[in-house]
Amino acid sequence: MSPARPRAETRYVCQSCAAEQLRWEGQCRACAACNSLVDTVEDRAPVRHRPAGGPATAAPVALGDVEEPESARRPVGIAEMDRVLGGGLVPGSVVLVGGEPGIGKSTLVLQAAAGVVASGGDVLYASGEESPAQVRLRAARLGLLATAAAQRVRLLAESEVGRIVDAARDSAPSVLVVDSIQTATSDELDGPAGSVGQVRQSALRLTELAKEGGTAVILVGHVTKDGTLAGPKTLEHLVDAVLTLEGERYAALRLLRTVKNRFGSTDEVGVFEMREDGLAEVADPARAFLAEHEADAPGSVVVPTMEGTRPLLVEVQALVAPAGYGSPRRTAAGLDPNRLALLVAVLARRAGVGLGAHDVYANLAGGLHVDEPATDLALAAALASSLRDRAIDRGTVAVGEVGLLGELRPVAGLERRLREAARLGFRRAVVPRGGRRGPLDAPGLEVVAVGSVREALDVLLAPGADRAEASSEPGRPRPGRA
Ligand code: TYD
Ligand code: MG
């Protein structure tokens with residue numbers, strides 16, 4: 001294909017920042033990462049191939065003459081995913097779907113492939129990670145073999161990006177799936193699959209392919225332990241949209257978030273449940289993350305959080321127990337451990353809730369991860385509730401950011417949060433006092449505005465508060481109660 005290639009050169013590419021050096025050193029000069037340089041033989045052949053029959057030069061086009069890109073979004077047939085994408089896949093765009101191993105990425109993209117077929121498209125599915133037989137097995141499990149997808153999703157057991165691109169040029173599918181970008185390699189490079197150079201080069205080639213025609217490309221990408229996409233940071237810059245699939249591997253709920261989207265809002269989230277037959281959309285996401293238990297339990301408080309523009313009610317759970325020897329434990333799952341440490345300190349100094357001699361465990365029900373400071377008050381209340389072994393009424397929600405002085409700070413979108421809580425049958429909300437003009441419009445909800453954590457705890461943990469409305473309409477299903 002390419003004419004006489006210039007001689008290959010060895011470069012040392014930093015695996016964390018993709019900077020290149022001529023010599024190996026123990027530390028990257030660009031980002032100071034240790035032991036991150038890997039030798040990569042990179043030949044200097046031009047990698048920007050001009051597409052056969054494509055335009056000879058990239059001539060400037062008047063702004064008004066540029067074709068509208070929105071013209072033909074291709075829905076993937078999964079409403080939650082389409083919404084997150086901003087209305088479907090844009091032809092010629094590249095979408096990266098990231099997530100931890102085993103979270104359901106391949107399942108999601110295979111279901112999306114079937115959805116593309118259902119709307120009249122066809123899909124080329126290049127799998128470097130699994131054999132066609134394995135992909136077929138998954139398709140059978142998802143019930144796709146009896147649909148048009150059985151014919152119009154074509155599998156390609158190939159991980160060399162040049163051959164994937166050639167196959168895609170030959171068949172011009174509406175969507176090309178590459179599962180995963182970490183297994184993709186380019187013959188133009190000698191480094192191992194998954195190395196920074198290979199991932200970047202493969203992504204570059206696939207991006208070029210997308211830009212030259214109507215094919216939309218979906219890349220599946222792995223996420224490392226600390227939650228960042230494996231491979232070079234540049235990967236996120238190369239693609240048009242980055243979606244991440246999150247959740248607790250052993251819990252059923254999955255959240256599809258947008259980290260970046262050139263063609264839509266980054267505020268949308270999709271909520272799914274992993275079932276026997278694949279990922280199913282959750283009918284009422286707002287209540288999905290509420291744990292069901294028999295009776296009021298000390299240490300449990302519900303907070304109306306916002307995921308993008310969507311209110312979700314989430315149960316914060318805390319357990320406080322006397323510590324043994326050594327420094328007490330502070331464990332947080334789904335919550336920021338630094339926030340937990342801070343709240344423990346604020347509770348001790350500003351609210352008379354001393355946890356210094358206690359182990360503290362806190363988590364969110366349903367495997368959700370929330371970094372919003374608006375969960376502060378609920379977490380603080382859950383800790384105090386557990387310490388005093390006094391349950392908080394289950395018909396009550398608490399929301400607010402806690403400051404270092406123990407003051408409560410206002411949160412964005414309070415009214416939306418509270419209306420959602422009211423819709424789900426909650427009767428009372430403890431919220432920050434400040435930050436509002438006009439009254440709150442949340443029909444059916446008794447709103448208690450307080451100025452500090454101490455005040456909030458007085459309301460939430462008042463003796464008998466948990467029994468106050470036990471005889472009235474339940475806030476949400478309480479099977480254990482008469
Ligand atoms: P998979 O899509 O292979 O995850 P990834 O590509 O992100 O590594 O799915 C992984 C898990 O999902 C696997 O452990 C089995 C489970 N699963 C189901 O529960 N139901 C299903 O219908 C499918 C296909 C998978
Ligand atoms: Mg997979």
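Reader: In which sense do strands E4 and E9 pair, parallel or antiparallel?

Author: This is a predicted model, in which local features need pLDDT of at least 70, side-chain atom pairs count only at pLDDT 80 or more, and totals for chains, interfaces and linings use all residues. Residues are numbered from 1 along each chain as its sequence is written, chains are lettered from A and ligands numbered from 1 in the order in which they are written, and side-chain values use heavy atoms, leaving out hydrogens and water. Strands (E, at least two residues) and helices (H or I, at least four) are DSSP runs numbered from the N terminus, and two strands pair if DSSP finds at least two bridges between them. Between E4 (residues 94-99) and E9 there are five bridges, with Val 97 standing opposite Leu 243, and the sense of this pairing is parallel.

Reader: Which residue in E10 is the bridge partner of Glu 246?

Author: Strand E9 (residues 241-246) is joined by six bridges to E10 (residues 253-261), and these two strands run antiparallel. In their hairpin, which has six residues between the strands, Gly 247 takes a positive phi near 155°. The partner of Glu 246 in E10 is Leu 255.

Reader: How many of the six residues of E9 are buried?

Author: Buried means under 20% relative accessible area, exposed means over 50%, and partly exposed lies in between, all with a 1.4 Å probe and the protein chains only. Strand E9 is mostly covered by this rule, and the number of its six residues that are buried is five.

Reader: Which element gives the largest share of the shell around ligand 1?

Author: By class, this shell has four nonpolar, five polar and seven charged residues (Ala, Val, Leu, Ile, Met, Phe, Trp, Tyr, Cys and Pro count as nonpolar, Asp, Glu, Lys and Arg as charged, and the others, Gly among them, as polar). The largest share, three residues, comes from H2.
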